Amino acid sequence: MKPLTITTRFAATGPVLEIVGDLDYETAPELRKAVDGLTVAVGQLLVLDLAGMAFCDSSGISALISARSLAIEQGGGIALAAVPANTARTLGIVGLDQVFTILPDAATATDQDLMTG
């Protein structure tokens, strides 16, 4: 098991959470707590950078859905960046690849041109 670390930074497009380690039953509440403390302004994008995520179970997927709900409630959007192959497969199986914007990396997700057109 790899411990979870969540690092928050702010881009011109909105908050970016870098998620490293295992996102599972024990650690999913940490993501929920980190997201609950954020403000996603109308028109901004909450980016979850998953490049360093080693594992994600159903509790982790649920926490990702909660993050999406919070961003949308605040008038923003959400993107998952650098989704690991095993998690991308799971998202595809359950149809969440149609719900989340999935981008190749955080740099693409925070590109101002993406936000404007």
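Reader: Not counting residues up to four places away in sequence, which residues does Ala-51 touch?
Author: Contact means heavy atoms within 4.5 Å. By that rule Ala-51 touches Ala-81 and Ala-82. Ala-51 also lies 6.2 Å from Val-83, C-alpha to C-alpha, although 32 residues separate the two in sequence. The model is predicted, so local features need pLDDT of at least 70 and side-chain atom pairs count only at pLDDT 80 or more, while totals for chains, interfaces and linings use all residues. Residues are numbered from 1 along each chain as its sequence is written, and side-chain values use heavy atoms, with hydrogens and water left out.

Reader: Where is the place of Ala-51, and does Ala-51 count as buried or exposed?
Author: Helices (H or I, at least four residues) and strands (E, at least two) are DSSP runs, numbered from the N terminus. Ala-51 belongs to strand S3, residues 45–56. Buried means under 20% relative accessible area, exposed over 50%, and partly exposed in between, with a 1.4 Å probe and protein chains only. Ala-51 is exposed because its relative accessibility is 57%. Thr-110, by contrast, is buried because its value is 18%. Thr-110 sits in the loop between helix H4 (106–109) and helix H5 (112–116), and its contacts beyond four places in sequence are Ala-11, Thr-13, Val-16 and Val-47.

Reader: In what order do the strands form the sheet?
Author: Strands of a sheet pair through backbone hydrogen bonds, either parallel or antiparallel. Here, two strands pair if DSSP finds at least two bridges between them. The open sheet has 5 strands in the order S1-S2-S3-S4-S5, with mixed pairing. Strand S1 (5–11) and strand S5 (101–103) are at the edges with a single partner strand each, so one side of each has no neighbour in the sheet.

Reader: In what sense do S1 and S2 pair?
Author: S1 and S2 are antiparallel, over 7 bridges, and a hairpin of 2 residues joins them. Ala-11 has Gly-14 in S2 as its bridge partner. S2 and S3 are parallel, also over 7 bridges, and Val-16 stands opposite Val-47 in S3. S4 and S5 run parallel with 3 bridges; there Ala-79 is partnered by Thr-101 in S5. S2 is largely enclosed by the rest of the structure, because 8 of its 10 residues are buried.

Reader: At what angle do the axes of helix H1 and helix H2 cross?
Author: Axes are lines fitted to C-alpha atoms, for helices over the stretch in contact, and angles run from 0 to 180 degrees between N-to-C directions. The axes of H1 (residues 28–36) and H2 (residues 58–73) cross at roughly 10° and come within 9 Å. H1 is therefore roughly parallel to H2, on a scale where under 35 degrees is roughly parallel, over 145 roughly antiparallel, 65 to 115 roughly perpendicular and the rest oblique. Among the residues that meet are Leu-31 and Val-35 in H1, and Leu-64 and Ala-67 in H2.

Reader: How many residues has the largest nonpolar core?
Author: A nonpolar core is a set of buried Ala, Val, Leu, Ile, Met, Phe, Trp, Tyr and Cys residues joined through side-chain atoms within 4.5 Å. The largest has 26 residues, and those with the most contacts inside it include Leu-23, Leu-48 and Leu-64. H2 gives the largest share, 6 residues. Beyond four places in sequence, Leu-64 contacts Leu-23, Leu-31, Leu-48, Ile-78, Leu-80 and Phe-100. Another core, of 8 residues, lies apart and includes Val-16, Leu-45, Ala-79 and Ala-109.
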